[in-house]
Amino acid sequence: MNVGRGIVLSFLSVMAGCSPPGTPAATAPAATAAQTPEDAKPAEGEKAARPKLYDPSADGFEQIDEALAKAKREDKRVLLQFGAEWCGWCHLLHRLFESDAQIAKKLETDYVVVLVDVDGGHNKKVNEKYGNPMQHGLPVLVVLDADGAHVATQDTAELEEGDHHDPEKVMAFLEKWSPKGA
């Protein structure tokens, strides 16, 4: 293996935990069914691979403009989830958004969610516009008001508990930045 390829592979292995290099390994989740690209294939007995969340062809600015128009009409905030398809923590957070009834309801009533693909530098200008939230690793959440003003950035490592995102911490974050208040 050449040196360049070895460096890339080392970088990808560090990033599989979806945190920036230098982040303690203790913050990475234990092995679960949806964490790395290798895990994207169905496990024995599973019918299908995890769903694709991030569109690598989507223009983040266009996605956000559409979400802001909807948020303004419906008196909501926009929740940007910066992530990538290979990011296991991104899939875990999205799964929590869908499976926890209280969180799903809060998102439905108070937010327009946008999944911003940032794999390989995609949507780099979107990241820059909102103050480089990716410095916290992936996934990272950014809340905008209906006019597009930046309201909050959340390092999702702070919402974790062991090998998952803590529903109570996630709900507290959503309530704190809800346009309707907690």
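Two strands pair if DSSP finds at least two bridges between them, and strands here are DSSP runs (E, at least two residues), just as helices are runs of H or I of at least four, all numbered from the N terminus. With that in hand, the bridge partner of Arg77 in E2 is Tyr111. Bear in mind that this is a predicted model: local features need pLDDT of at least 70, side-chain atom pairs count only at pLDDT 80 or more, and totals for chains, interfaces and linings use all residues. Residues are numbered from 1 along each chain as its sequence is written, and side-chain values use heavy atoms, with hydrogens and water left out.

**The sheet**

- Four strands make an open sheet in the order E2-E1-E3-E4, with mixed pairing.
- E2 and strand E4 (150–155) sit at the edges, each pairing on one side only.
- Strand E1 (residues 77–83) runs parallel to E2 over seven bridges, while E1 and strand E3 (residues 140–144) pair in the antiparallel sense over five bridges.
- On the E3 side, Val78 has Leu144 as its bridge partner.

**Helix H4**

- H4 (residues 101–110) buries Ile103, Lys106, Leu107 and Asp110.
- Seen down the axis of H4, these buried residues fall within an arc of 95 degrees (taken from the directions from the helix axis to the C-beta atoms), so they line one face of the helix.
- Ala101 and Glu108 are exposed on the face turned away from that buried side.
- The buried residues of H4 pack against E1, helix H3 (88–99), E2 and helix H6 (167–177).
- At the start of H4, a side-chain oxygen of Asp100 comes to within 3.1 Å of the backbone nitrogen of Gln102.

- Asn123 lies in the loop between E2 and helix H5 (124–129), and it counts as buried at 11% relative accessibility.
- Leaving aside neighbours within four places in sequence, Asn123 is in contact (heavy atoms within 4.5 Å) with Ala58, Asp59, Gly60, Val116, Asp117 and Val118.

Notes
Buried < 20%, exposed > 50% of the residue type's maximum accessible area, 1.4 Å probe, protein only. Polar contact = N/O pair within 3.5 Å; in protein donor to acceptor, adjacent residues only side chain to side chain.
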